[in-house]
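User: Please take a close look at the aromatic cluster in this model. Which residues form it, and how are their rings arranged?

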Amino acid sequence: MVSQHGAVWIQSGVVSFGFGCARPNLPGVYSRVSLCGTTPLYNRIVGGEDAPAGSWPWQASLQRFGRHVCGGSLINREWVMSAAHCFSRWVTIKKVSLGRQSLQGNNPNQVTQTVAEIILHPNYDSDTSDNDIALLRLSSPVKFTDYIRPVCLAASDSVFNNGTDSWVTGWGRIQEGVPLPFPQTLQEVEVPVLGNRQCSCLNGVGTITNNMICAGVLAGGKDSCQGDSGGPMVSQHGAVWIQSGVVSFGFGCARPNLPGVYSRVSRYQSWINSHISSDKPGFVQFTSSGLDADSSYTCPGLPAPVSTVPAITTTTTDHPSTTPSAQCKHFSVGILFQLLIRLPLEQKNVESH
């Protein structure tokens, strides 16, 4: 059962049962699918840093002993999606905070839930960060408000061309080594998608798999950082917001020619649905128009593109050593904005993993 919302169709129900068919006063019964990706209080401050309250109602804070560890996104009444690297035998996530505007101070719209179950992708590779995605089941369903709502997820056939406008949100560091200052208000940053071929050339050929999606400004200055891991990257499609990526890793934060790397949500529709039996998340197809410039991008060592379009050959500098720099973006605090008031960005080193 579907309903039209702006320019897109969104599934609201799954045919379940009924008493007969089309009998008077006996309506059919459907499994509810959450209406996703809507922001009733959406009111962006162009060029700003702090996200207005209610702008991103799916944003979650994963917490340990009352301390923010990673971000996440609410995908229905009972489930939150995050990054697999946020969890280890040394780190236990006990609580998820929703409707939160800042990490400190008063949060009148906040709801905190206990985590009942954590599911890591079975093929998560901590060495390569491939399949860096996880699901968290809450102890009880949350009630949707203007400040707590689920995000839509990119369906398996979604296409995000090079340059697709995207937003990343989180409470991570605002510069490498610089925590988000009091009261640690949720941050937002606008970044374009960077195609996987170019991203692989920049980050090192072989580092980017089909399960990843990249975003960033080649000049640097805008990125996610430690503390943002597991949080959402979203794009607007018609009247709804669709999550395309989960903050995963990067070489430093907001460095020139080193875009951030995210888990590609559209690759996991089947896996997500296999673990959520009722109130399925809202999967929406995102389609970019026109030719993707990345399809013809190449560099030394990158397999030739399968295309009749002449390849664009570029020369890239040696990518950074992966020994200390290819780091997960968690366990601290900040979305980066390279504004005039900011200092130059420096090396990103994760504090713990």
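Analyst: One aromatic cluster is formed by Trp56, Trp58, Trp167 and Trp241. The model is a predicted one. In total, the structure holds six aromatic pairs. A pair of aromatic rings is described by two values, the distance of the centres and the angle of the planes.

Take tryptophan 56 and tryptophan 58. Their rings lie 6.1 Å apart, centre to centre, with 65° between the planes, and the pair is edge-to-face. The cut-off behind that label is an angle over 60 degrees. Tryptophan 56 is buried, because its relative accessibility is 4% and buried means under 20%. Tryptophan 58 is buried as well, with a relative accessibility of 0%.

Tryptophan 56 also pairs with tryptophan 167. Here the ring centres are 6.0 Å apart and the planes meet at 40°, so this pair counts as tilted. As for position, tryptophan 56 sits in the loop between β4 and β5, while tryptophan 167 belongs to strand β12, residues 165-170. These parts are 111 residues apart in sequence, so the pair ties them together. Tryptophan 167 has a relative accessibility of 12% and therefore counts as buried too.

The strand β5 that ends this loop covers residues 59-64 and pairs with strand β6, residues 67-74, in the antiparallel sense over six bridges. In one of these bridges, glutamine 63 has histidine 68 in β6 as its partner. Both strands belong to a barrel of six strands, closed in the order β5-β6-β7-β10-β9-β8 with antiparallel pairing. From one strand to the next, the twist averages 45°.

Methods: Residues numbered from 1 in each chain as written. Predicted model: local features only at pLDDT ≥ 70, side-chain atom pairs only at ≥ 80, totals over all residues. Heavy atoms only, no water. Pairing = 2+ DSSP bridges. Helix = DSSP H or I, 4+ residues; strand = E, 2+ residues; numbered from the N terminus. Axes fitted to C-alpha atoms, helices over the stretch in contact; angles between N-to-C directions. Phe/Tyr/Trp six-rings, centres within 6.5 Å; stacked < 30°, edge-to-face > 60°. Buried < 20%, exposed > 50% of the residue type's maximum accessible area, 1.4 Å probe, protein only.
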